[in-house]
Amino acid sequence: MAKLKVDLHPIFNRGQAIESALQQAMDEAESRRIRTVEIIPGKGSGQLKKRVLKFLDRPEVKARYHRLDKDAKNHGRLFVYFRF
């Protein structure tokens, strides 16, 4: 099963680049019919993860994916699942 991985460490402090990377990952997952997108905001203070969760909670974004899981063993990772 194919999985798309988005590591946000290199762009942690550039707001527009974060939004763009997340949007691009969603678009690519839909166009290539990839069922799982792994987003790595990292552990840190948790601010980046909050920003990612806020993005994924938008109504227009939330309608695109099936479910969202937080990794139980590593709180610096999120999984977004698509249903095709």
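The side chains of D27 and R64 meet in a salt bridge, with 2.5 Å from N to O. A salt bridge here is a side-chain nitrogen of Lys or Arg within 4 Å of a carboxyl oxygen of Asp or Glu. D27 lies in helix α1 and R64 in the loop between α3 (59-62) and β3, so the pair ties together parts that are 37 residues apart in sequence. D27 is partly exposed, at 38% relative accessible area. R64 is partly exposed too, at 21%. Buried means under 20% relative accessible area, exposed means over 50%, and partly exposed lies in between (1.4 Å probe, protein chains only).

The model is predicted; local features need pLDDT of at least 70, side-chain atom pairs count only at pLDDT 80 or more, and totals for chains, interfaces and linings use all residues. Residues are numbered from 1 along each chain as its sequence is written, and side-chain values use heavy atoms, with hydrogens and water left out.

Four strands form an open sheet. Their order is β1-β2-β4-β3, and the pairing is mixed. Strands (E, at least two residues) and helices (H or I, at least four) are DSSP runs, numbered from the N terminus. Two strands pair if DSSP finds at least two bridges between them. β1 (3-7) and β3 (67-70) stand at the edges, each with a single partner strand, so one side of each is left without a neighbour in the sheet. Neighbouring strands are turned by 20° against each other on average, direction ignored. Axes are lines fitted to C-alpha atoms, for helices over the stretch in contact, and angles run from 0 to 180 degrees between N-to-C directions.

β1 and β2 run parallel and are joined by five bridges. Within this pair, L4 stands opposite V37 of β2. The chain passes from β1 through α1 to β2 in a right-handed β-α-β crossover. Right-handed means that, with the strands pointing away from the viewer, the path from the first strand over the helix to the second runs clockwise. Helix α1 (residues 15-32) lies across β1 and β2, at about 175° to β1. L4 and V6 form the covered face of β1, while K3, K5 and D7 form the uncovered one. β2 (residues 36-40) and β4 (residues 78-81) run antiparallel, with four bridges between them. E38 has F79 of β4 as its bridge partner.

The largest nonpolar core holds 22 residues, of which L8, V37, I39 and L56 touch the most other members. Such a core is a set of buried Ala, Val, Leu, Ile, Met, Phe, Trp, Tyr and Cys residues joined through side-chain atoms within 4.5 Å. β1, α1, β2, α2 (47-56) and β4 each give two or more residues to this core. The most come from α1, with six. Beyond its neighbours within four places in sequence, L56 is in contact (heavy atoms within 4.5 Å) with M26, I39, V61, K62, Y65, L68 and V80.

Nine salt bridges are found in the whole structure. One of them joins the side chains of K3 and E38, at 3.1 Å from N to O. K3 lies in strand β1 and E38 in strand β2, so the pair ties together parts that are 35 residues apart in sequence. K3 is partly exposed at 48% relative accessibility, whereas E38 is buried at 3%. R67 forms a salt bridge with D69, the closest N and O atoms being 2.5 Å apart. Salt bridges that share partners join K3, E38, D71 and R77 into one network.
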